[in-house]
Amino acid sequence: MASTYRGSCLCGEVIFEAGNFSKEAAACHCTMCRKFHGAAFGTLVTVSHFNWLSGVQLLGNYKADNGTVRTFCKKCGSSLGFRSEGGEFEVAIACFDEDIPVKIDAHIYTANKACWVEPDDSVPNHVAGRP
Ligand SMILES: [Zn+2]
Ligand SMILES: [Zn+2]
């Protein structure tokens with residue numbers, strides 16, 4: 001049994017636990033991730049173990065025209081998760097309250113990157129999704 005790690009939204013009402021992280025965690029520069037996270041890029045990771053521990057009644061889901069669903073806290077607006085159509089749930093890793101064994105290993109959809117950020121780490125950049 002792998003360790004589990006706790007995360008929460010900004011107001012603290014939504015709490016979750018997750019474990020069994022994918023080895024792949026990308027910084028996604030697509031326009032939708034930028035807007036959903038209110039940030040230069042979104043950082044999400046797939047997990048095979050996930051439970052909401054509290055605040056389920058506050059969860060909102062935004063389904064976009066392309067079938068992707070983004071989950072957020074309706075009280076504080078925190079971006080919590082993402083699911084592509086038919087895909088696995090991915091957690092917004094910025095919401096963890098403790099260190100997790102995850103490192104960003106790629107920048108994806110850099111064709112949509114904001115002009116005001118230049119990633120200068122050593123991980124690969126991909127203009128669209130992972131090749
Ligand atoms: Zn909240
Ligand atoms: Zn994205």
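**View 1. Surroundings of valine 91 in the predicted model.** Once its neighbours within four places in sequence are left aside, valine 91 is in contact with Gly7, Ala18, Leu44, Val45, Val47, Phe50 and Gly81. The model shown here and in the views that follow is a predicted one. One of these contacts, glycine 81, is also the bridge partner of valine 91, which lies in S7.

**View 2. The largest nonpolar core.** This core has 25 residues, and those with the most contacts inside it are Cys28, Leu44, Val45, Leu80 and Val91. At least two of its residues are supplied by each of S2, helix H1 (31-37), S3, strand S5 (69-73), strand S6 (79-83) and S7, and the largest share, seven residues, comes from S2. In soluble globular proteins, nonpolar side chains tend to be buried together.

**View 3. Strand S3 and its pairing with S2 and S7.** Strand S2 (residues 15-28) and strand S3 (residues 42-54) run antiparallel and are joined by 10 bridges, with phenylalanine 21 standing opposite valine 47 in S3. S3 also pairs with strand S7 (residues 89-92), again in the antiparallel sense, over three bridges; here leucine 44 stands opposite alanine 92 in S7.

View 4. S6 pairs with S5 in the antiparallel sense over four bridges, and valine 69 stands opposite arginine 83 in S6. Three bridges join S6 to S7, and these two strands run antiparallel.

**View 5. Glycines in the two hairpins.** The hairpin of S5 and S6 has five residues between the strands, and in this hairpin glycine 77 takes a positive phi near 85 degrees. In the hairpin of S6 and S7, which has five residues between the strands, a positive phi near 75 degrees is taken by glycine 86.

View 6. The protein chain contains one helix and eight strands, and from the N terminus on its elements run β-β-α-β-β-β-β-β-β. Its radius of gyration is 14 Å, close to the 14 Å that the globule rule gives for 131 residues, so the chain is as compact as a globular protein of that length. The C-alpha trace spans about 35 × 35 × 30 Å along its principal axes, and 31% of the 131 residues count as buried. Among the contacts with a separation of 6 or more, 55% are accounted for by residues 24 or more positions apart.

How values were computed:
Residues are numbered from 1 along each chain as its sequence is written. Chains are lettered from A and ligands numbered from 1 in the order in which they are written. This is a predicted model: local features need pLDDT of at least 70, side-chain atom pairs count only at pLDDT 80 or more; totals for chains, interfaces and linings use all residues. Two strands pair if DSSP finds at least two bridges between them. A nonpolar core is a set of buried Ala, Val, Leu, Ile, Met, Phe, Trp, Tyr and Cys residues joined through C-beta atoms within 7 Å. A residue is buried if 20 or more other C-beta atoms lie within 10 Å of its own, exposed if 12 or fewer, and partly exposed in between; C-beta atoms are placed from the backbone. Two residues are in contact if their C-beta atoms, placed from the backbone, lie within 7 Å. The radius of gyration is taken over C-alpha atoms; the globule rule is 2.2 Å times the number of residues to the power 0.38.
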